[in-house]
Amino acid sequence: MARQAGRLRQGQPDRRGDRDRQVDRRAALPVGGRRRRPAGGGGSDGRRRAAHHRRRHRRSRPSGTAGAPSAASTEGPADRLEALADDLVPRPPAEGAVEPGAHGGPAPKEERTPVLVGYGVKTGAVKRRTRKTPGQGAGQPGQAQPAQAQPAQAQAAQSQAGQVANPERVALPGHVAPAEAGQIPAPRTGQERAQVLAKPPVRKLAKDLGVDLATLRGTGPQGSITRDDIHAAAQEPAQAAPTAQAARQGAPEVAEERVPIKGVRKMTAQAMVASAFTAPHVTEFLQVDVTETMAAVQRLKGLPDFAEVRVSPLLLVAKAVLVAARRYPMINSAWDEAAQEIVVKHYVNLGIAAATPRGLVVPNIKSAHALDLPSLAAALGELTETARAGRTQPADMAGGTITITNVGVFGVDTGTPILNPGEAAILAFGMVRDAPWVVDGQLAVRKVTTLALSFDHRVIDGELGSRFLRDVGAMLEDPLRMLAWS
């Protein structure tokens, strides 16, 4: 007030008062035949409202000669409400008009457009993040799909081209092409190994079952590995595919090999199956001190009668079997199923099991019971050489009555031999080794071996088999008994 009074005293006009009076005068203009009350009682709020009304009246005033009556002076309350609604809510486009920015319409302007509250988002200012397709890996953004759909022919050509270029890439999102029957998936590359998709429970299952996830191709969504894939890989034999280490090294690995069953192997298999599932086998064992037998072998080698033949412990074992078979003829017999008879043979065709490159053969020495010791040694040597050379004839393996198998040459103590078909007994001669032995109440180191006798329990009782095995062991402990019992 003091400033205003000073201006009046100096003769300056009161601009602030003129401005307020002008606002009040214009706000009180007659509209529709009635005088309006001022929009406000004065101050900044009243001035803002009055300015807003002045802009509205100025926009609604038609262009023409000065002094012409304004259209706004004749509008009623309904017209004012309709004009206010037009300002706040835009009217829908007329029939046939095209919205800016739509397909075929004018391009939208870059400036912002006023909406109901504030201003809208500036057109073209927002960019969407590109999506990744299931067929693309990490770090490879997918191509943005156009808004307009492609023709059917172009899509078919593009899909065929994508399948030829990369057959492993899926054609549709979320779709995994099933593997063809019998097709083994190729091993994953280094990048694919780092991107193996499997849930933590599936990874734990693979670790428990010993399955390498890097060697599998998943059948789950987006190529993920499922529990069924783990179980299927665990049930496959280990020879079905090379190991992961061999696959990484690139070295060829022969997992299995098929050998045709023919010749000697086929005959041996048929004979063993027929014997094992026909005759009830019983096996007895006996440890024997063969120190005297080994000493006798060394003395025989120095005799002139044995200068041209090979003398071995097997020679004296064969002689002991022949002598014991004469003492117990039932041990040298056979079971005739067709005639329901036991055939007791008073001759001995002594079979000797021999390992050859073609397989196991059992040639026999005909009428071995009639041979003296030098002749028996010569027959054993000839039979062994013929078998090793692969020149054993089928007639040499037919007609055996009792057999000896020398498993000691392979470093084996003993075994449970299987009967040769048509025979009732077989003796296994084990390895001769140094072992502690009680001799005359004193502990000493002696040459000890183990004998095993298998026999057909339909023909040979336990007592007969035990007596036969005991006599053979007794003759090997003291070779002089061979002379006494023969």
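## Close-up views of a predicted chain

View 1. Residues are numbered from 1 along each chain as its sequence is written, and side-chain values use heavy atoms, with hydrogens and water left out. Within α7, which covers residues 200-209, V202, L205 and A206 are buried. Looking down the axis of α7, the buried residues fall within an arc of 100 degrees, so they line one face of the helix. That arc is taken from the directions from the helix axis to the C-beta atoms. Here, buried means under 20% relative accessible area, exposed means over 50%, and partly exposed lies in between (1.4 Å probe, protein chains only). Helices (H or I, at least four residues) and strands (E, at least two) are DSSP runs, numbered from the N terminus. Part of the cover over the buried residues of α7 comes from α8 (227-235), with contact meaning heavy atoms within 4.5 Å. Just after α7, G210 takes a positive phi of about 70 degrees.

**View 2. P221 sits in the loop between α7 and α8.** P221 counts as exposed, at 62% relative accessibility. The C-alpha atoms of P221 and L197 are separated by 9.3 Å, and the two residues are 24 apart along the chain.

**View 3. The largest nonpolar core holds 48 residues.** Such a core is a set of buried Ala, Val, Leu, Ile, Met, Phe, Trp, Tyr and Cys residues joined through side-chain atoms within 4.5 Å. Look for L350, F468 and L476, which touch the most other members. Helix α12 gives the largest share of this core, 11 residues. Another core, of 10 residues, lies apart from it and includes A198, V202, L213 and I225. Leaving out residues up to four places away in sequence, L476 touches several residues, among them D289, L316, A320 and M482.

**View 4. D289 and R446 meet in a salt bridge.** Their side chains come to 2.9 Å, N to O. A salt bridge is a side-chain nitrogen of Lys or Arg within 4 Å of a carboxyl oxygen of Asp or Glu. The partners lie 157 residues apart, with D289 in strand β3 (residues 281-289) and R446 in strand β12. D289 counts as buried, at 9% relative accessibility.

**View 5. E337 forms a salt bridge with R458.** The closest N and O atoms of this pair are 3.9 Å apart. E337 is in the loop between β4 and β5 (341-344), and R458 is in the loop between β12 and α14, 121 residues apart. E337 is partly exposed at 49% relative accessibility, and R458 is partly exposed with a relative accessible area of 27%.

**View 6. M330, W335, I342 and V344 make a nonpolar surface patch.** The patch is about 280 Å². Patches are made of residues with over 30% relative accessible area and no salt bridge, joining like charges within 9 Å and nonpolar side chains (Val, Leu, Ile, Met, Phe, Trp, Tyr) within 5 Å. Accessible areas come from the Shrake-Rupley method with a 1.4 Å probe, and for residues only the protein chains shown count as cover. M330 lies in the loop between α12 (313-327) and β4 (333-336). At 32% relative accessibility, M330 counts as partly exposed.

Terms used
This is a predicted model: local features need pLDDT of at least 70, side-chain atom pairs count only at pLDDT 80 or more; totals for chains, interfaces and linings use all residues.
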